[in-house]
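Subject: Structure handover

Hello,

Here is the structure you asked for, with notes on what turned up in it. Please read the notes with the model open beside them.

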Amino acid sequence: MHVATIADMPDLDEALPEHVRANRAAWDGFAHEFTEPGHQNWSTNEISWGIWDVPETQLRLLPEDVSGQDVVDLGCGTGYVSAWLARRGARPVGIDNSPVQLATARRFQAEFGLEFPLHLGNAETTPFDDAQFDGAFSEYGAALWADPYAWVPEAHRILKPRGWLMFLTNSALITMCFPEQDEAPAGTTLLRPYFGMHRITWEGDDSVEFHLPHGEWIRLLRDTGFEIERLVEIQAPVGATTRYSHIASPEWANKWPSEEAWIARKRA
Ligand SMILES: C[S@@+](CC[C@H](N)C(=O)[O-])C[C@H]1O[C@@H](n2cnc3c(N)ncnc32)[C@H](O)[C@@H]1O
């Protein structure tokens, strides 16, 4: 199995869209903060999701049986979701825009003795074949950091007919409640418009996020050729704790959804 190394990659930085270039620089900088949580997730076989670690046994975001499936992790980061799926018999392939995140993923692959292909690239324009995968997923990867008008059609292209798509990101609601300064938790005031929500930047860093209103996610997914199966709005359990307290308090996230997961299937 060929695992791509940074040295394999042409330096296409200057050819990248502006937000992809900005997010590469940003994530190369953020990466060190995600080493420890990534390691913790690689160390466990129990799948749990998001900032409140809600168990998969409760949320059921993934197909029950992924064994033998070719799956792609769009914005794989440190690769722990792929690792969870590999241990369940899937054949994951990761793609990520940050060389530093991929270096962490490769270190964890070596440490845990679990190798799968990792590509440096943009999830909006992947090197994969048409209909290559049975499933595509993104846990706070492309789902948050890539333009949905580009990555959703790309996910559709590389999925087989009836292939599944699952992505998890910040909720549309919380996105309206974040103060302008990065690293400050959501409050209880709507601070930006819902209609037209798309490309979002914050004071204090140069990264670019993407969020859509629910009606627009539904329109985009359906127009692209997906059937929507479920929207799961994640509620923080009573007494939950999180290392990401700069996003929301447990009380906030127990009353309102801080995260949402969309589950869709490519029409045959
Ligand atoms: C929060 S991390 C994902 C965490 C991941 N689920 C894990 O297992 O570690 C977000 C990732 O999205 C990646 N990313 C951002 N923009 C991207 C793009 N356009 N294409 C691919 N990956 C991207 C970042 O480099 C970063 O590694």
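A residue counts as buried under 20% relative accessible area, as exposed over 50%, and as partly exposed in between. Arg199, at 41%, is therefore partly exposed. Please keep in mind that this is a predicted model.

Salt bridges

There are 11 salt bridges in the model. Arg199 takes part in one of them, with Glu18 as its partner and 3.0 Å from N to O. This pair joins distant parts of the chain, since Glu18 belongs to helix α1 (residues 18-30) and Arg199 to strand β8 (residues 199-200), 181 residues apart. Glu18 is partly exposed as well, at a relative accessible area of 44%.

Asp70 and Arg91 make another salt bridge, and their closest N and O atoms are 2.9 Å apart. Asp70 sits in strand β3 (residues 70-74) and Arg91 in strand β4 (residues 91-96), so the bridge ties together parts of the chain that are 21 residues apart in sequence. Asp70 has a relative accessibility of 21%, which makes it partly exposed. Arg91 is also partly exposed, at 44%.

A further salt bridge runs between Glu227 and Arg162, with 3.3 Å between the closest N and O atoms. Because Glu227 is in strand β10 (residues 226-234) and Arg162 in strand β7 (residues 159-170), this pair ties together parts that are 65 residues apart in sequence. Both side chains belong to partly exposed residues: Glu227 is at 31% relative accessibility, and Arg162 is at 37%.

Salt bridges also link Asp130, Glu154 and Arg157 into a network.

Helix α9

Which residues of helix α9 (residues 214-224) are buried? They are His214, Trp217, Leu220, Leu221 and Thr224. These residues span an arc of only 130° around the axis, so they lie on the same side of α9. Among the elements that cover them are α6 (142-145), α7 (148-158), α8 (172-177) and β11 (259-266), along with β7 and β10. Directly after the helix comes Gly225, which has a positive phi of about 120°.

What does Gln101 touch, apart from its neighbours within four places in sequence? Its contacts are Trp27, Ala31, Phe34, Gly77, Thr78 and Asp96. Gln101 is part of helix α5 (residues 99-112). Its relative accessibility is 5%, so it counts as buried.

Ser171 lies in the loop between β7 and α8. With a relative accessibility of 1%, Ser171 is therefore buried too. Leaving out residues up to four places away in sequence, Ser171 is in contact with Pro257, Ser258, Glu259 and Glu260. Within that group, the backbone oxygen of Pro257 is reached by the side chain of Ser171 at 2.7 Å. For a sense of scale, 28 Å separates the C-alpha atom of Ser171 from that of Arg88, and the two residues are 83 apart along the chain.

Regards

How values were computed. Residues numbered from 1 in each chain as written. Predicted model: local features only at pLDDT ≥ 70, side-chain atom pairs only at ≥ 80, totals over all residues. Heavy atoms only, no water. Salt bridge = Lys/Arg side-chain N within 4 Å of Asp/Glu carboxyl O. Helix = DSSP H or I, 4+ residues; strand = E, 2+ residues; numbered from the N terminus. Buried < 20%, exposed > 50% of the residue type's maximum accessible area, 1.4 Å probe, protein only. Contact = heavy atoms within 4.5 Å. Arc of directions from axis to C-beta. Polar contact = N/O pair within 3.5 Å; in protein donor to acceptor, adjacent residues only side chain to side chain.
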